[in-house]
Amino acid sequence: MKKKNIENLIIKEIEIKIKNFFRKKIFNLHEPLFFGNETKYLNECIKSSYVSSVGNYVNKFEKKISNYTKSKYSLSVINGTSALHLTLLAAKINKNDEVLVQSLTFVASVNPILYCGAIPHFVDVENDTLGIDPTKLEKYLEYISIKKNNKCINKITKRKISALVVMHTFGHPSKIIQLKKICRKFNIILIEDAAEAIGSFYKNKHVGTFGDFGVLSFNGNKTITSGCGGMILTNNYKFYKKIKHLSTQSRVKHKFEFIHDEIGYNYRLSNINAAVGCAQLEYINKILRSKRQIFKIYKALFSNQNFFTVFKEPIYSKSNYWLQTILLNDEYVEYKNVIISKLNDSGIKVRPVWKPIHLLKHFKKSPKMNLYNTNLLYKKIINLPSSYSLILN
Ligand SMILES: Cc1ncc(COP(=O)(O)O)c(C=O)c1O
């Protein structure tokens, strides 16, 4: 068959089935809906005049997230990126340390490593979770590292490998228990970038609570939102105290003096944002049920074609299905860009996965392992419209 015909067949397969089933004109990738107590809580903030980084909703939001995730401590901050930055600072990641991180991720997983003057070291993902491949990682570390004074040292670059940032891609849990074991073995700090994964569980435990730190994002495009916002999860009191201190300009407690004992950051979440987050969290289960329902609908709609597969949550996981994902079969990867472009023109806002970070110009010199799966998945992944407004409105 001619290239043009195949292209059209794939586009029509997606366009007609989605439009016929959901009966809409425009399908956004992921938009929020507000149908709880958002307005009520926002009005309370305004009336009380607590609109900034102090207020009842900030404390409530942190408590509610701790209850929901079963994390001992939760600290709210302005966004997921600042949350990741604070975790790296609290973990004492030094200039020129190496931090292992998957290349198939949003750049916000990697930028905070640069903020610390550290060096991202890219590792590969696996096809069944889209997260870091533990078997490949362990073999790689055995090959490239040695232990010196209980530190993991890269034999080739002579730099310390300090941390591993694991991302739960599109809300699908990585093999976090295996990855944690590897971090213990090599004495590496484990940071979970669970920015996309509120409401996702691995073996019934919320992701973000396995590592030394976990990070959530409540950006407007996430499963629940606080407008903007992030949360750091940790079970370690010392780490909690440290991130709290750093997030409040490192101000030392004093009755009236302004004393700051190290570089600090103005990263605290506002009461207004926390109020929206509290309201959204009250109906997260309803949202999660509809996200799962959307997955089932796509699975059924696309069961009779051979162009692509619909990605399903990995084994032992309960995923929040943040972004619904299809993987083009190998023989159709060449059509990815045209499919994305034409579906967007028709009102179906699909998107590709992020360009792998090791391919971005300013990361070209960073160390990396063989990134075979990353490179292939980049060619295959398309995210479909995933807003819960598709079925809840
Ligand atoms: C994987 C990942 N990490 C980090 C972030 C950063 O979160 P934020 O946008 O709240 O800064 C996001 C989302 O935006 C993300 O998808």
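Hi everyone, let's start with helix α4, where Gly-80, Thr-81, Ser-82, Ala-83, Leu-84, His-85, Leu-86, Thr-87, Leu-88 and Ala-90 are buried. That is 10 of its 11 residues, so the helix is mostly covered, with burial here meaning 20 or more other C-beta atoms within 10 Å. Please keep in mind that this is a predicted model.

What surrounds the ligand? There are 14 residues around it, and the closest are Asn-79, Gly-80, Thr-81, Ala-108 and Ser-217.

Now to the packing of α4. This helix, residues 80–90, and helix α8, residues 237–247, have axes that come within 9 Å and cross at roughly 120 degrees. The two helices are therefore oblique to each other. As for handedness, α4 passes α8 in a right-handed crossing. On the α4 side, the contact is made by Leu-86, Thr-87, Leu-89 and Ala-90, and α8 brings Phe-239, Lys-242, Ile-243, Leu-246 and Ser-247. By type, the residues of this contact are six nonpolar, two polar and one charged. A quick reminder for reading such lists: an α-helix has 3.6 residues a turn, so residues three or four places apart point the same way.

What comes after α4? The helix is followed by Lys-92, with a positive phi near 60 degrees, although this residue is not a glycine. Lys-92 sits in the loop between α4 and β2, which spans 98–102. Is Lys-92 buried or exposed? It counts as exposed, because it has 12 C-beta neighbours inside 10 Å and the cut-off for exposed is 12 or fewer.

Asn-150 is another non-glycine residue with a positive phi, this time about 65 degrees. You'll find Asn-150 in the loop between β4 (145–148) and β5 (151–154). Asn-150 is exposed too, with 6 other C-beta atoms within 10 Å.

Finally, one more helix pair. Helix α3 (residues 56–69) and helix α9 (residues 271–281) have axes that come within 8 Å and cross at roughly 35 degrees. Here the crossing of α3 past α9 is left-handed. From α3, the contact involves Tyr-57, Val-58, Lys-60, Phe-61, Lys-64 and Tyr-68, while α9 supplies Asn-271, Ala-274, Ala-275, Gly-277, Cys-278 and Leu-281. Those residues divide into eight nonpolar, two polar and two charged.

Thanks, everyone!

Methods. Residues are numbered from 1 along each chain as its sequence is written. This is a predicted model: local features need pLDDT of at least 70, side-chain atom pairs count only at pLDDT 80 or more; totals for chains, interfaces and linings use all residues. A residue is near a molecule or strand if its C-beta atom, placed from the backbone, lies within 6 Å of it. Axes are lines fitted to C-alpha atoms, for helices over the stretch in contact, and angles run from 0 to 180 degrees between N-to-C directions. Helices (H or I, at least four residues) and strands (E, at least two) are DSSP runs, numbered from the N terminus. Angles under 35 degrees count as roughly parallel, over 145 as roughly antiparallel, 65 to 115 as roughly perpendicular and the rest as oblique. A crossing is left-handed if the near helix is turned anticlockwise from the far one by less than a right angle, and right-handed if clockwise. Two residues are in contact if their C-beta atoms, placed from the backbone, lie within 7 Å. Ala, Val, Leu, Ile, Met, Phe, Trp, Tyr, Cys and Pro count as nonpolar, Asp, Glu, Lys and Arg as charged, and the others, Gly among them, as polar.
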